[in-house]
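Me: I would like to learn how to read a predicted model of a protein with RNA. Please take the features in turn.

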Amino acid sequence: MNIFAEFQARIGAVLQGVVDSGRLPAGLDLRRFTVEPPRDASHGDLATNAAMVYAKDAKPHFANPRQLAAEICFALANDPDVAQAEAAGPGFINIRLAPKVFVDVLRAAIVAGADYGRGAASGEKVNVEYVSANPTGPMHVGHGRGAVFGDALANLLAFAGADVSREYYVNDAGAQVDVLARSAFLRYREALGEDIGAIPEGLYPGDYLKPAGEALAKQFGASLIGKPEGDWLEAVRAKTIDAMMVMIRADLAALNVEHETFFSERSLHEKKNGVSEIDRQLEDLRARGLVYEGRLPPPKGQLPDDWEDREQTLFRSTGFGDDVDRPLKKSDGAYTYFASDIAYHKSKIDRGFLKMIDVWGADHGGYVKRMNAAVKAVSDGKASLDVRLCQLVRLVRDGVEVKMSKRGGTFVTLREVVDEVGLDATRFMMLFRKNDAMLDFDLAKVIEQSKDNPVFYVQYAHARGKSIFRQAQTVFAGADLSGPALARADLALLEDPGELELVRLIAQYPRQIEAAAQAREPHRIAFFLHDLASAFHSHWNRGKESPQLRFVNEESGDLSRARLALVFSLTSVLASGLSILGVGAPSEMR
RNA sequence: GACCCCGUAGCUCAGUUGGAUAGAGCAGCCGCCUUCUAAGCGGCAGGUCGCAGGUUCGAAUCCUGCCGGGGUCGCCA
């Protein structure tokens with residue numbers, strides 16, 4: 001039950017009535033106004049700007065917004081759920097709801113339990129692609145942010161009602177993975193007892209390839225030694241990529257991140273009857289005049305020293321909002337990454353995803369326009385792509401940046417961070433920030449078990465709720481404190497302003513879910529939970545000064561039941577929100 | 001030179017898709033442990049929302065131009 005959506009509909013009906021009476025023109029979009037919690041709680045429970053939005057259209061019949069507001073208020077006064085409706089300020093309508101409404105909301109929340117706030121299944125298929133880190137080494141903290149963001153976003157959209165599919169694009173084609181194979185081959189020779197000395201420039205030096213080398217030695221023995229690269233590259237590459245993906249998937253699992261689909265870039269390059277999927281898609285575009293041979297103007301500013309003006313295969317992305325046309329083939333004749341990415345997104349469309357979300361690092365920002373252009377071209381504008389960029393993460397310890405260098409051996413992997421600070425802290429901190437803002441990740445602060453740390457603040461609120469139930473169970477031994485039992489409590493007994501504030505926040509949860517999902521901003525959930533936790537801690541502390549406000553009241557079983565119902569729902573919302581973020585909701589924290 | 005993000009309290013950041021007197025947390029100052037967990041709570045103080053225009057009933061939010069910080073700019077992915 002979403003009271004904001006409910007009243008949006010009711011006020012829409014009132015406006016329709018005004019239209020029917022001829023005092024508003026027909027054909028207006030009657031959903032353009034908003035119904036929100038007012039910024040100032042003293043204004044009531046709901047506020048709408050409807051009168052101001054339609055004031056212009058109402059001109060001859062209503063001189064100003066306040067007159068239209070008065071008309072709407074008059075109609076709303078007949079609504080039994082409305083205790084008071086009045087025009088205020090420039091034309092806002094402030095609505096105070098009948099206490100019964102909140103009783104109903106709370107009861108509905110308790111009955112729904114973990115499903116409270118869940119959106120109706122829309123059946124809309126959404127593909128969320130995230131992480132997609134190269135299988136050439138361990139992930140760093142920046143990958144972690146994308147992983148956590150993408151995962152939480154997927155959870156959020158699914159909870160809001162979408163049919164979500166989580167996908168990882170494995171970049172197992174191109175020059176990088178050949179370098180990987182050569183690096184692994186060196187480790188293979190090492191595993192067979194050879195002294196390989198320093199790793200040559202241009203190869204991956206990390207120790208993480210040693211196990212891969214050993215695995216190769218185990219499988220192939222000495223049979224590859226001395227053979228030309230052409231004989232072993234393919235096999236070594238495949239084996240090593242597999243090893244890297246096992247490692248990456250383990251790191252993701254440690255972060256509680258999972259994908260349903262791992263899509264291989266190489267599969268797009270593989271020829272069937274002499275034709276690859278990329279060939280097919282590009283020929284398709286060529287037939288429509290969107291792929292052509294031509295020259296590109298050199299980039300403005302400083303010219304790359306190896307710039308050569310040459311004719312190349314280009315995609316006409318300028319026809320779809322990009323700044324320049326984009327190359328599809330490298331100078332060696334191989335396809336560019338963009339070319340395979342076109343075929344990849346086409347594959348998503350062919351698999352039925354007309355809504356696609358890609359989560360990328362901010363360093364790929366310059367790539368967004370061309371990808372959007374490609375999706376438009378390849379789907380005839382029927383599919384949509386929304387690229388969410390995650391800004392860089394600066395790893396910090398006690399306020400000092402942790403300088404990272406692969407060579408210097410001071411490279412900090414994602415796994416090391418998760419092992420050090422834990423999965424809950426890692427996830428929450430990365431989600432407690434807008435995705436497009438830079439993030440300082442302070443290794444010291446996130447484990448500091450203090451008020452400085454929002455993770456513990458929110459988790460503790462949940463634990464505190466559970467703790468209250470443990471206490472209640474000893475005071476009212478044998479009482480039925482289950483959800484269904486509490487839903488039958490006399491909730492009208494909740495009268496204290498602190499309690500009502502908590503109910504109001506609980507009532508906002510469905511709206512928060514909807515808004516966060518629509519904006520595709522999981523951080524809103526993190527901030528909402530923080531607010532909810534704050535209100536809860538605050539009210540709990542009032543029980544210090546005023547023992548009669550404590551949730552467990554030995555004098556009155558009825559009052560206690562009502563308050564426990566509130567705590568039940570509150571705890572449930574905290575657990576629900578935390579599970580969307582992929583963060584644990586502990587029952588106690590001692 | 002072009003494009004994309006960011007600029008809000010001393011610091012770190014929110015700001016309900018254009019609403020009412022711009023909010024939290026740290027840091028500072030003043031209070032609160034006989035409690036269902038002090039990993040907490042209450043209070044005080046702190047602001048030309050980078051600058052200048054524009055759009056309208058109304059702008060931190062939208063548009064334009066500057067200033068400052070970051071990122072990117074065929075042949076990496």
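Reply: Start with contact, which means heavy atoms within 4.5 Å. Helices (H or I, at least four residues) and strands (E, at least two) are DSSP runs, numbered from the N terminus. This is a predicted model, where local features need pLDDT of at least 70, side-chain atom pairs count only at pLDDT 80 or more, and totals for chains, interfaces and linings use all residues. Residues are numbered from 1 along each chain as its sequence is written, chains are lettered from A and ligands numbered from 1 in the order in which they are written, and side-chain values use heavy atoms, with hydrogens and water left out.

Me: Which residues of H5 and H14 meet?

Reply: From H5 come Val-141, Gly-144, Arg-145, Val-148, Phe-149, Asp-151, Ala-152 and Asn-155, and from H14 come Arg-427, Met-430 and Leu-431. By class, this contact holds six nonpolar, two polar and three charged residues. Ala, Val, Leu, Ile, Met, Phe, Trp, Tyr, Cys and Pro count as nonpolar, Asp, Glu, Lys and Arg as charged, and the others, Gly among them, as polar.

Me: How is the packing of two helices described?

Reply: By the angle between their axes and the distance between the axes. Axes are lines fitted to C-alpha atoms, for helices over the stretch in contact, and angles run from 0 to 180 degrees between N-to-C directions. H5 and H14 (residues 423–431) pack at about 80 degrees, their axes 9 Å apart. The two helices are therefore roughly perpendicular; that term covers 65 to 115 degrees, while under 35 is roughly parallel, over 145 roughly antiparallel and the rest oblique.

Me: Is Ala-51 buried or exposed?

Reply: Buried means under 20% relative accessible area, exposed over 50%, and partly exposed in between (1.4 Å probe, protein chains only). Ala-51 has 0% relative accessibility, so Ala-51 counts as buried. Ala-51 is found in H2 (residues 50–53). Leaving aside neighbours within four places in sequence, Ala-51 is in contact with Pro-65, Leu-68, Ala-69, Ile-72, Gly-91 and Ile-93. Across chain A, 48% of the 590 residues count as buried.

Me: Where is Val-131, and what is its phi?

Reply: Val-131 is found in the loop between strand S5 (125–129) and H5 (141–159). Its phi is near 75 degrees, a positive value in a residue other than glycine. Val-131 is buried, at 12% relative accessible area. Asn-256 also has a positive phi, near 65 degrees, but is partly exposed at 39%. Asn-256 sits in the loop between helix H8 (229–254) and strand S7 (261–264).

Me: How many residues surround RNA strand B?

Reply: A residue is near a strand if one of its heavy atoms lies within 4 Å of it. For RNA strand B there are 69, and the closest are Phe-92, Asp-306, Tyr-460, Ser-467 and Trp-540. This surface has 26 nonpolar, 21 polar and 22 charged residues. H15 gives the largest share, eight residues.
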